[in-house]
Structures are given as structure tokens and as C-alpha cells.
Amino acid sequence: MPASDIIADVRQLLRGRPVYLAGSLVAEETYGKTNAHSDVDVFCPTPEQLVASSQLLLDNGYTLDSRFERVWARWLAYGFKKWHTNSLRIHSPSGVETNMVYKLTDGHPSTSLAQVLESFDFGLLATGYDLYTDEYRDMRSYLFPGMDPDGPLPMMPNKRFNWRNGFISQYNGLRECGRYAKYHKYGYDMSAVKDDLVTGYFEA
């Protein structure tokens, strides 16, 4: 399905809820790409909203991914643990994989679309939908003043500082090259990100 059609379906169901639609699906729509996403990412500001919004989708024909049935049952019985990221994978009636996410950034919940976008790694992901107001937001000119928002963008400012100074964990260092390859395959110009990553690896 085209990104715009998937986004329209999610907006229709979750409009008016304090959740945020962002990630590769929105980037695909922003940049006019095709087949440049693997799933839908909906970010929730609280564990309660994650459960409530997930239940709403399940009540409207979505189904739990079989690997997450136990996760859902455990959440309902015992609540969340203090993980950095809590996510639930469900599938739309048409089979689109959807991730419902509640995550902590620097130890605190991401409670606004701006915080969600700034928590991403790559600057090209700096657009999203605030579904509470049902508005599209573009933070590229704010985060990267003086740069062409449609041109190659580096890492997000906070991530860029950490990477270029070598302040990266082994887990993140190993994971990032795979994410870089994924977005390169999607057709994005990653040249500015490549410089950030290479510098960071040398510094580390």
C-alpha cells in the first residue's frame, strides 16, 4: 500500500488521541519514496495510552502478532517493567505491520511529537503526525538551519554530538551500520550520516 493510504487509515482510527505517527512510513510520504518502509510506528507518551490505543486497534480488526501475544497478556496482568523501549507488534486488517511504542529517552518518556522526532538517529526522519491535533509537523528547518531539508541530512543534533565525539555504546555502534544500510537501500542520500558514523567509529 502507498504510504499515504496507510497513514490515512491510522489517522482515521487514532485521531484525537495523544499519540504520534513517525518513522520510515512518514519519511516515505515526505520525500515521495516508494516501498521505503517496513512497518508503521505509533509512539505513545504513557504506558496507559499504549494499552488503550492498542486495544482500540484490536477492537477495529487489528490482530496481535503471534510473538507478542504473551507480551500483551503479561502487560495486562503485571504492567510494564522499566525497559528503555516497550513495543507491541500488531497487524492491520490488510496485513500492515504496526508497532505501538512507549519509550524512554535519556530516562524520561517521550511525551510530544518533537521529543519523539529528536530521539531518532537520522535527520531525514524529522517529520511526523501529532494525532491528537491531527497535524503534520516538519522539524527539519528547526533542527538543521541553513540546510536544504530535502537534501542529505546528518544525524539528529544530539545523536550527532555523541557520535562525532565517540560517545557510543557497543550495542549502538554495531546496530547503526545496519540501520544506515536499510535507509540507503530505501533510496536516501546518506552521505552526511556516513561522515558522522565514520568519525564516530574512529573516535571510539
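Author: Let's start with charges and work our way in: twelve salt bridges turn up when the whole structure is searched. Keep in mind that this is a predicted model.

One of those bridges joins the side chains of Asp-134 and Arg-15, at 2.7 Å from N to O. Asp-134 sits in the loop between strand S7 (127–130) and strand S8 (135–138), while Arg-15 is in the loop between helix H1 (3–14) and S1, so the bridge ties together parts that are 119 residues apart in sequence. Asp-134 counts as buried because its relative accessibility is 18%, and the cut-off for buried is under 20%. Arg-15, at 45%, counts as partly exposed.

Another bridge pairs the side chains of Asp-196 and Arg-164, again with 2.7 Å from N to O. Here Asp-196 belongs to helix H9 and Arg-164 to helix H7 (residues 157–164), and the two are 32 residues apart. Asp-196 is buried, with a relative accessible area of 0%, whereas Arg-164 is partly exposed at 28%. There is also a network, in which salt bridges with shared partners join Asp-121, Lys-159, Glu-176 and Arg-179.

Now for the greasy part. The largest nonpolar core has 30 residues, and the ones touching the most other members are Phe-120, Leu-124, Tyr-183, Tyr-188 and Met-190. At least two residues of this core come from each of strand S1 (20–22), helix H2 (24–31), helix H5 (113–118), helix H8 (170–185) and helix H9 (191–203). H5 gives the largest share, three residues.

Let's zoom in on Tyr-183. Leaving out residues up to four places away in sequence, Tyr-183 touches Ser-24, Phe-122, Leu-124, Leu-125, Tyr-188 and Met-190. Apart from this core lies another one, of 28 residues, with Val-10, Tyr-62, Trp-75 and Met-100 among them.

Rings are the next thing to look for: the whole structure holds eleven aromatic pairs. Take Phe-122 and Tyr-183: their ring centres are 5.6 Å apart and their planes meet at 85°, so this pair is edge-to-face. Phe-122 is in the loop between H5 and S7 and Tyr-183 is in helix H8, so to speak two distant parts of the chain, 61 residues apart, get linked. Both Phe-122 and Tyr-183 are buried.Trp-163 and Tyr-201 make an edge-to-face pair too, with 5.2 Å from centre to centre and 90° between the planes. That pair links Trp-163 in helix H7 with Tyr-201 in helix H9, 38 residues apart. Trp-163 is buried at 1% relative accessibility, but Tyr-201, at 35%, is partly exposed.

Back to our tyrosine: ring pairs gather Tyr-31, Phe-122, Tyr-183, Tyr-186 and Tyr-188 into a cluster.

Terms used
Residues numbered from 1 in each chain as written. Predicted model: local features only at pLDDT ≥ 70, side-chain atom pairs only at ≥ 80, totals over all residues. Heavy atoms only, no water. Core = buried A, V, L, I, M, F, W, Y, C linked by side-chain atoms within 4.5 Å. Buried < 20%, exposed > 50% of the residue type's maximum accessible area, 1.4 Å probe, protein only. Helix = DSSP H or I, 4+ residues; strand = E, 2+ residues; numbered from the N terminus. Contact = heavy atoms within 4.5 Å. Salt bridge = Lys/Arg side-chain N within 4 Å of Asp/Glu carboxyl O. Phe/Tyr/Trp six-rings, centres within 6.5 Å; stacked < 30°, edge-to-face > 60°.
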